[in-house]
Amino acid sequence: MTLPVRLSDLTGSKGAPERSPVVLVTRAGGAEGSRAAAAALACAASEPDRAALMIDLEEDRMRRSTVVATTGARALEERLAAHLPEAPVASRGCFCRLALAADPEALDTVAAALPLARESAAIVHLPPPLMRPLLAEPRIRPTAAVLRADLGEVRALIALAVGDLMDAGLRVAVLKRPPGWFSGRAALLGALPEPGSVIHRAWTVVNHG
């Protein structure tokens, strides 16, 4: 198996998904920056009137909505709040964020939230131990995965993980470096990444192949 270490090397699953993208974002080993990468992907997947949903399965702390948010982000926040009144949701710039604890029981809320973002994309940030339970949940059906990995440390592990995810029918992208500090902070506030950035290229790969 060839390990895809550049975005140009990444391989997709067979056929393009007809439903809205559901992209899993996680990390390998001690790699940092997976949450910022997930937020940046949510920004790249959003449009002014159609916001992506970022589901964060590693932080159930409520964050306030940003002062500036798109019409699509506000609308998605209202829809989620109406259907999931106990869930902490907030519009963050160009996307909407749902924060949940890193617990297998949270997958029920993930499955309930995804249909509410069916007209856009959902980016699910999760810790590695929740990857297998999520993949086994038939109501979620992810279409792609992005792995944040420092390849020098876990090259063999990533090769196995990429193979397993592709066998499950997912498109896969590997990010060798985390977003920079400034761009990561901006993404978490819902600011669009720069055109042509590695995040934009990763989104193109996992969304279109």
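How many disulfides does the structure hold? The structure holds zero, counting as a disulfide a pair of cysteine sulfur atoms within 2.5 Å. This is a predicted model, in which local features need pLDDT of at least 70, side-chain atom pairs count only at pLDDT 80 or more, and totals for chains, interfaces and linings use all residues. Residues are numbered from 1 along each chain as its sequence is written, and side-chain values use heavy atoms, leaving out hydrogens and water.

**Cysteines**

- A disulfide is a covalent bond between the sulfur atoms of two cysteines.
- Cys 43 is in no disulfide, and the nearest cysteine sulfur, that of Cys 94, is 3.6 Å away.
- Cys 43 is buried, at 0% relative accessible area (buried means under 20%, exposed over 50%, and partly exposed in between, with a 1.4 Å probe and protein chains only).
- Cys 96 is buried too, with a relative accessible area of 0%.

**Nonpolar cores**

- The largest nonpolar core has 40 residues (a core is a set of buried Ala, Val, Leu, Ile, Met, Phe, Trp, Tyr and Cys residues joined through side-chain atoms within 4.5 Å).
- Ile 55, Leu 57, Leu 80 and Ile 158 have the most contacts inside this core.
- Helix 5 (residues 151-167) gives the most to the core, with five residues (helices, H or I with at least four residues, and strands, E with at least two, are DSSP runs numbered from the N terminus).
- A second, separate core of 26 residues includes Ala 39, Leu 41, Leu 175 and Ala 202.
- Leaving aside residues up to four places away in sequence, Leu 57 touches several residues, among them Leu 100, Val 110, His 125 and Leu 134 (contact means heavy atoms within 4.5 Å).

**Salt bridges**

- A search of the whole structure finds eight salt bridges (each a side-chain nitrogen of Lys or Arg within 4 Å of a carboxyl oxygen of Asp or Glu).
- Arg 27 and Glu 58 meet in one of them, at 2.9 Å from N to O.
- Because Arg 27 lies in strand 1 and Glu 58 in the loop between strand 2 and helix 2, the pair ties together parts 31 residues apart in sequence.
- Arg 27 is partly exposed at 23% relative accessibility, and Glu 58 is partly exposed at 27%.
- Arg 97 forms a salt bridge with Asp 56, their closest N and O atoms being 3.5 Å apart.
- This pair links strand 4, which holds Arg 97, to strand 2, which holds Asp 56, 41 residues apart.
- Both Arg 97 and Asp 56 are buried.
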